[in-house]
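Here is a short report on one protein model. It starts from a single residue and widens to the whole chain.

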Amino acid sequence: MGVSWINYGGKKLLFVDYNGAKKEDEMLKILYEEIEILRNEKERQYILVNVGNSFSSEKYKQEVQRLTKEVVKYKAEKSAIVGMVGLKKFIFSAMITLSDGHVRLFDTEEDAKKWLVS
């Protein structure tokens, strides 16, 4: 869990890993770490998010929506999200709607990475 930089296909990707986060405070900590990094970047970034096997709450959903409008929308070149099934797809619907086609859902990290660098 956490936020880190990875290299794939010659591009630097911001990897936001919620996999295994089971508490609201863990989810929010990772979200705020991502936002802080994005705020400090001068250029738009490629973002890979793994939400598999993680927890969500109303507060987390509201924060994702707010911060997507305030920061992510302007700092993400492309975002790929993996690990969404069932209700998680609904939770991220606002982020996807605001993305103007720059956010896509994937079943695997490998497929997501390939799309990000294409």
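## K11 and its surroundings

Leaving out residues up to four places away in sequence, K11 touches I6, Y46, L116, V117 and S118; contact means heavy atoms within 4.5 Å. This is a predicted model: local features need pLDDT of at least 70, side-chain atom pairs count only at pLDDT 80 or more, and totals for chains, interfaces and linings use all residues. Residues are numbered from 1 along each chain as its sequence is written, and side-chain values use heavy atoms, without hydrogens and water.

K11 lies in strand β2 (residues 11-17). Strands (E, at least two residues) and helices (H or I, at least four) are DSSP runs, numbered from the N terminus. K11 is partly exposed, a class between buried (under 20% relative accessible area) and exposed (over 50%), with a 1.4 Å probe and protein chains only.

| K11 feature | Value |
|---|---|
| Relative accessible area of K11 | 23% |
| C-alpha separation, K11 and S118 | 10.0 Å |
| Side-chain polar contact, K11 and Y46 | 3.5 Å |

A polar contact is a pair of N or O atoms within 3.5 Å; within protein, one must be able to donate a hydrogen and the other to accept it, and residues adjacent in sequence count only if both atoms are side-chain atoms. K11 and S118 are 107 residues apart along the chain.

## The whole protein

The protein has 5 helices and 5 strands. From the N terminus, the order is β-β-α-β-α-β-α-α-β-α. Of its 118 residues, 46% count as buried. Among contacts with a separation of 6 or more, 74% join residues 24 or more positions apart.
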